[in-house]
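Have the sequence and the model open side by side as you read.

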Amino acid sequence: MSLHDLERSGGTAVMKIHFLNVGHGDCTIVELPSGRIMMIDINNSKKLPEEDEKALALAKGVSLYNFRHQARFIKGKFRSWEEYYKSLLVDPADYFKENFPGKSLFRYIQTHPDMDHMSGLHRIFWDEKVDLVNFWDVNHDKTFKESDFDYGPFDYADWEAYENLRKGKGPDGSTLKVLNKFRGWTGEYWTDDNIEILSPTPELIDGCAASGSYNDCSYVLKLTHAGRTVILPGDAEAAAWKSILDEPGEDAIKCDILKASHHGRESGYHKEAVDAMSPEVVICSVGKKPDTDASDEYKSHGAKVLSTRFNGTITVTVWDDGDVWVENQEGERIYTID
């Protein structure tokens, strides 16, 4: 460990962002310099779908059979590639308990009402009873009924948990502060932690209600610490990016780290917006590499593109002097901004 690293280990206030490897879905945990902890979206995925296995086998240049059965000496023991990649997936509730024992969540933000962004809500708040103070939600009109969950990977209990949180009802009768804010609002619940809401607007929310597609009502958040900026855009697509470019405008959205919108798909990529943001690092939260993957488009802007699919959970630490360390699930530093 260098002298610089030793100095860093002294408990200085930093911003640390955990991009959890939850397969196809999103879950981001942010340790803020204030000491508060917030979570943005949640998805519980411990199963690697066959199409993911096929994609990983192809990337390794082996057959699916060999991917599943060919042993590799990994971390001191023989494991198949399938076992290895499944071992990288995390359950957000387990991750929170292991990394923040006894801590509460000051803020949970639901970027938008898609199930791959809220699977696991019941488990973390009702089963594991993680304490929560503030709940952010977009004021939309999307609804489900129980029979809608008869087929498919998601659980109606998570939608019920979401509906209760929207009403300010936490587990065991607890009461939450619920915020339905949009671009332009400020106040103690976000400016104290240097969080800026870039999107949505009431117009974008109305547009989503009319179309029945809710990606463009995603919260797009800008986090700032030590002169470094991180943008977390949920599943924002073209309409949201165009609105952001109009206001607050290109100068307001330059960033160092960008979480790729909509799991790195082309639908979340917007050339003019990425030009304006000019990120040095783009992080994709994704399981199977989508057919419409936009990694090459992000790379064309000069960005380093990293994926939870290959790196596992990715952590980004923004130090008080402005240095940024990006680490993989093994704790190895894979990129530095200084």
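## The second largest cavity

The second largest cavity holds about 50 Å³ of space; this is a predicted model, so read every detail here with that in mind. The structure has two cavities of 30 Å³ or more. If you want to find this one, look for its lining: Asp 26, Thr 28, Ile 40, Asp 41, Thr 111, Leu 232, Gly 234 and Lys 259. Sorted by type, the lining residues come out as two nonpolar, three polar and three charged.

Strands β12 (residues 257–259) and β13 (residues 281–284) run parallel and are joined by three bridges.

Both belong to an open sheet of six strands with mixed pairing, in the order β9-β10-β11-β12-β13-β14. At the edges stand β9 (195–199) and β14 (304–307), and each has a single partner strand, so one side of each has no neighbour in the sheet. From one strand to the next, the twist averages 20 degrees.

## A hairpin elsewhere

Strands β16 (residues 324–327) and β17 (residues 333–337) pair antiparallel over four bridges. One of the pairs to look for is Glu 327 with its bridge partner Arg 333 in β17. Five residues lie between the strands of this hairpin, and Gly 331 takes a positive phi near 80 degrees there.

Most residues other than glycine have a negative phi, and most peptide bonds are trans. Here are some exceptions. Asp 172 isn't a glycine, yet has a positive phi of about 55 degrees. Asp 172 is in the loop between α7 (156–166) and β8 (177–179), and counts as exposed because its relative accessibility is 65%, with the cut-off at over 50%.

His 263 also has a positive phi, near 60 degrees, and is found in the loop between β12 and α10 (271–277). Is His 263 buried or exposed? His 263 counts as buried because its relative accessibility is 1%, and the limit is under 20%. The side chain of His 263 makes a polar contact of 3.2 Å with the side chain of Asp 116.

Then there are the cis peptide bonds. One joins Ser 199 and Pro 200, with omega about 15 degrees, and Pro 200 is in the loop between β9 and α8 (202–211). Another runs from Glu 247 to Pro 248, with omega near 15 degrees; Pro 248 is in helix α9 (residues 238–249).

Note on methods:
Residues are numbered from 1 along each chain as its sequence is written. This is a predicted model: local features need pLDDT of at least 70, side-chain atom pairs count only at pLDDT 80 or more; totals for chains, interfaces and linings use all residues. Side-chain values use heavy atoms; hydrogens and water are left out. On a 1 Å grid over the protein atoms alone, a cavity is a set of points where a 1.4 Å probe fits but cannot get out, and a pocket is an open set with protein on both sides within 12 Å along at least five of seven lines; lining residues have an atom within 4 Å of a point. Grid points are joined across faces, edges and corners, and a volume is the space filled by probe spheres set on the points. Ala, Val, Leu, Ile, Met, Phe, Trp, Tyr, Cys and Pro count as nonpolar, Asp, Glu, Lys and Arg as charged, and the others, Gly among them, as polar. Two strands pair if DSSP finds at least two bridges between them. Helices (H or I, at least four residues) and strands (E, at least two) are DSSP runs, numbered from the N terminus. Axes are lines fitted to C-alpha atoms, for helices over the stretch in contact, and angles run from 0 to 180 degrees between N-to-C directions. Buried means under 20% relative accessible area, exposed over 50%, partly exposed in between (1.4 Å probe, protein chains only). A polar contact is a pair of N or O atoms within 3.5 Å; within protein, one must be able to donate a hydrogen and the other to accept it, and residues adjacent in sequence count only if both atoms are side-chain atoms.
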